[in-house]
Amino acid sequence: MTALTPSLAIVAARLPSPPSSTELLDEDVSGTTPDWRGIAVPEHVMQHFARRSDAAPLAGRPIAGGQIHLLARRPGFGAVLLDAWDSSRQRWRGWLVTPDASYADACGLVVEERDAPADPRAGLVLCDMPVTLAVTDLDACLGVFSQERLQAARWLERHGRANAATAAPGVIARVALPGDDYALTGTPLSSELGKDGRVAYRQLLRQGLQQLQIAPADAVAPISKPVQAANANRWLKIVTAVAASVMVVQSAWLFLPKEGAVVGNAEFRNGGSGVETGVRTRVLFRAEATEAEIRTWLQREQLEIVAGPDTLGAFTVLSRNRQKVLPPPGPGNPLAVINP
């Protein structure tokens, strides 16, 4: 996509002049190796490469809420921060993500250092551009947001437009959030026609989404009361029934020393006399999933519930297969979120 120039001029980094051929020859004769990082690549580009390298191990993660995924059909166009799985439509709800933090408006959440590791292609979450996508629309994972940062995106979608600051394209500032948190975001869009490049930028993005046949999501209404999660009474009854057959396993694994268990698609090992290994993963089940559906899925995937529900309503499932990767939430399983 051709980038537009916002009204606030942003000067691109200027590359240093390359060394002359004589200088290169002198280096060769002396037997020293030139530091190409200092000669040909500016520091901000090296940081870009480093961020992309740090985030590379995330690429193959199973799809889950809070993750940023490239668009499968046009990865160069942008990415999506996943919010929640809509089981009635069998689609993910989320927000469009682009690399262009300088185009942030009052509803834009800037990806920052505390979100690391995050690929530099994920620079700005456009919380005023919610979208819905099928699982097949998603490609590699670029980054993972914490629950606090996901809440920040939700808050900006609902309240960002109430920002009364003066329009100032290209300006990024801290905005206070509930709970003593903050977000880096931009200023409101200018109402003056042709005065704010961010307006045209969003128009281009919307045109691109239409061409990719990516549907906008319904606006989120203010929430008047907390949503019931998997720690509701019904879920407490379900887990009692589902986990009854693994109660002995629970009593053995729940009291492992902290260094003996690592949750989150990681290997853990019993430090006692046994040499049992496996993979633990935290999951949230869909609110409407039945006990029979969960039990059948656990048996099919050869999984056991070994902990939960915790304060988020999440359960911890155990696979004895160290190579086990959970299928993404979608048709055929009761999962809502993996690693919430």
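**View 1. Strand β1 beside strand β6.** β1 and strand β6 (residues 138-144) pair in the antiparallel sense over four bridges. Strands are DSSP runs of E with at least two residues, helices are runs of H or I with at least four, and both are numbered from the N terminus. Two strands count as paired if DSSP finds at least two bridges between them. The model is predicted: local features need pLDDT of at least 70, side-chain atom pairs count only at pLDDT 80 or more, and totals for chains, interfaces and linings use all residues. Residues are numbered from 1 along each chain as its sequence is written, and side-chain values use heavy atoms, with hydrogens and water left out. Gln-67 stands opposite Val-144 in β6. Ile-68 has Gly-143 as its bridge partner in β6. Five of the seven residues of β6 are buried, so β6 is largely enclosed by the rest of the structure. Buried means under 20% relative accessible area, exposed over 50%, and partly exposed in between (1.4 Å probe, protein chains only).

**View 2. Strand β1 beside strand β2.** β1 spans residues 67-71, and five of its five residues are buried, so β1 is largely enclosed by the rest of the structure. Three bridges link β1 to strand β2 (residues 79-86), and the two run antiparallel. His-69 faces Val-80 of β2 across this pairing. The partner of Ile-68 in β2 is Leu-81. Six of the eight residues of β2 are buried, leaving the strand mostly covered.

**View 3. The β2-β3 hairpin.** Strand β3 (residues 91-98) runs antiparallel to β2, with seven bridges between them. Asp-86 stands opposite Arg-91 in β3. Four residues separate the two strands of this hairpin. Among the turn residues, Gln-90 has a positive phi of about 55 degrees.

View 4. Two cavities of 30 Å³ or more occur in the structure. A cavity is a set of points, on a 1 Å grid over the protein atoms alone, where a 1.4 Å probe fits but cannot get out; lining residues have an atom within 4 Å of a point. Grid points are joined across faces, edges and corners, and a volume is the space filled by probe spheres set on the points. The second largest cavity holds about 30 Å³ of space. Its lining consists of Leu-71, Ala-72, Arg-73, Arg-74, Asp-137, Leu-212 and Ile-214. By class, four lining residues are nonpolar, none polar and three charged. Ala, Val, Leu, Ile, Met, Phe, Trp, Tyr, Cys and Pro count as nonpolar, Asp, Glu, Lys and Arg as charged, and the others, Gly among them, as polar.

**View 5. Arg-280 in strand β11.** Arg-280 lies in β11 (residues 277-285). The residue is buried, with a relative accessible area of 7%. Its C-alpha atom is separated by 9.4 Å from that of Glu-304, 24 residues apart along the chain.

**View 6. The protein chain as context.** The chain contains eight helices and 14 strands. Of its 340 residues, 43% count as buried. Among contacts (heavy atoms within 4.5 Å) between residues at least 6 apart in sequence, 67% join residues at least 24 apart.

Technical notes:
1 Å grid on protein atoms, 1.4 Å probe; cavity = no way out; pocket = protein on both sides within 12 Å on 5 of 7 lines; lining within 4 Å.
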